[in-house]
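Hi,

Here is the structure I promised to pass on. Have a look at it first, and then read my notes below.

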Amino acid sequence: MNKSKSLQELNLIDSFLFSAFTENTHNAKLIAKLIIERATGKKLGDVSVLSEKQILGIDPKHHGIRMDLYIMEYEDHNIARVYDIEPNKYNISELPKRSRYNQDITDVNLLDAGKHYKDLPDYISIWIVSEDPFGKNRMVYTVQNKVIEDNEIQYDDGVTKLFLYVNGENGGTDDLRKLLQYFCQSEEKNATDKELAELHTMVENMKHSREMGERYMTLQEWIEYEKEEGYQEGKEEGYQEGKEKGYQEGKEKGYQEGKEKGYLEGTKEGMRVGIEQGIEQGIEQTIKTFIASLRQCNMPEDEIRAMIVENFKLSDERINILLKQ
């Protein structure tokens, strides 16, 4: 298990800090403007900004989405563009399909009955990631649909997906590089221009807010309590299962050897192996309990995954298996 960060150690790319910071409309507009303008090179017009916007699936059986920052840009009183901004520290292997699903659900909710397809606003998703999603060490990966057989054909469906790798060295601009550096290390030394200095002041004020400190402490205490409860329950259950399994394995091994020494050694070894396996099962039971508790609080699956990554040392494959159980 990994030790959790304190509130002061969090960076803007961390889910809690970004979500808490953008709860305030002024903060949300400021950071949306910085991200969009530095990522696209275009000035942002008249906008409305929503943080943690929930969009339900087409019916109760289908998966909904939660957008960290949802921005609508207007032209002539109509929505011209929609931006979806998503800081992401985990599971980059699922980003392409996750981004596709976000777009699909957004589009369904943007086109009312009786509207023409030409009225569908442009959609731009901006993912800020701490790992290189495509392994080319680029700061910006711009993804758009195209005609495979002829790249000169313009296929304009209004969809653009930007993946911003915070440590990318190729491409991008100096202004974007500074912003991404501040995102992954939100310290005064990285607030290297006027806009970032203003942003840093607001971030620091929030970090030192008594209310925010209490919220974060309550969240961490709850997580630690649930983790410890699940760990102890799982460990005890796993120990008993392991002991019984070890006894049976040891007995069988000793019986096959046909000697008293073999029987005793086999039983001892079997119990050791079984207990180790049982404790391992107990830790997995801890994580299952942890997952169930977070789901009861209606926490999104991506944030549950982030909590598991942060608190337990497991492979992506093992995490996927546990989340599906």
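What follows is a short tour of what turned up, taking strands, loops and charged pairs in turn.

One thing to keep in mind: this is a predicted model.

Let's start with strand β4, which covers residues 122–129. Seven of its eight residues are buried, so β4 is largely enclosed by the rest of the structure. It has strand partners too. Strand β3 (residues 78–88) pairs with β4 in the parallel sense, over eight bridges. Strand β6 (residues 159–165) also runs parallel to β4, and seven bridges join these two.

Next, the loops. Which residues other than glycine have a positive phi? His77 is one of them, with phi near 70°, and Asn137 is another, at about 55°. His77 sits in the loop between β2 (65–75) and β3, and with a relative accessible area of 78% His77 is exposed. Asn137 belongs to the loop between β4 and β5 (140–143).

Now the charged side chains. Side chains of opposite charge can pair when their charged atoms come close. How many salt bridges does the structure hold? There are ten, and here are some to look up:

- Lys33 with Glu37: the closest N and O atoms are 3.1 Å apart. Both residues lie in helix α2 (residues 25–40), four residues apart, which is about one turn of the helix. Lys33 is partly exposed at 34% relative accessibility, while Glu37, at 12%, counts as buried.
- Arg81 with Glu75: here the closest N and O atoms are 2.3 Å apart. Glu75 is partly exposed, with a relative accessible area of 42%.
- Glu187 with Lys189: these side chains meet at 3.6 Å, N to O. Glu187 is partly exposed at 37% relative accessibility, whereas Lys189 is exposed, with a relative accessible area of 61%.

There is also a network: salt bridges that share partners join Lys33, Glu37, Arg38, Lys43, Asp193 and Glu195.

That's it from me. Happy browsing!

Cheers

Notes:
Residues numbered from 1 in each chain as written. Predicted model: local features only at pLDDT ≥ 70, side-chain atom pairs only at ≥ 80, totals over all residues. Heavy atoms only, no water. Buried < 20%, exposed > 50% of the residue type's maximum accessible area, 1.4 Å probe, protein only. Pairing = 2+ DSSP bridges. Salt bridge = Lys/Arg side-chain N within 4 Å of Asp/Glu carboxyl O.
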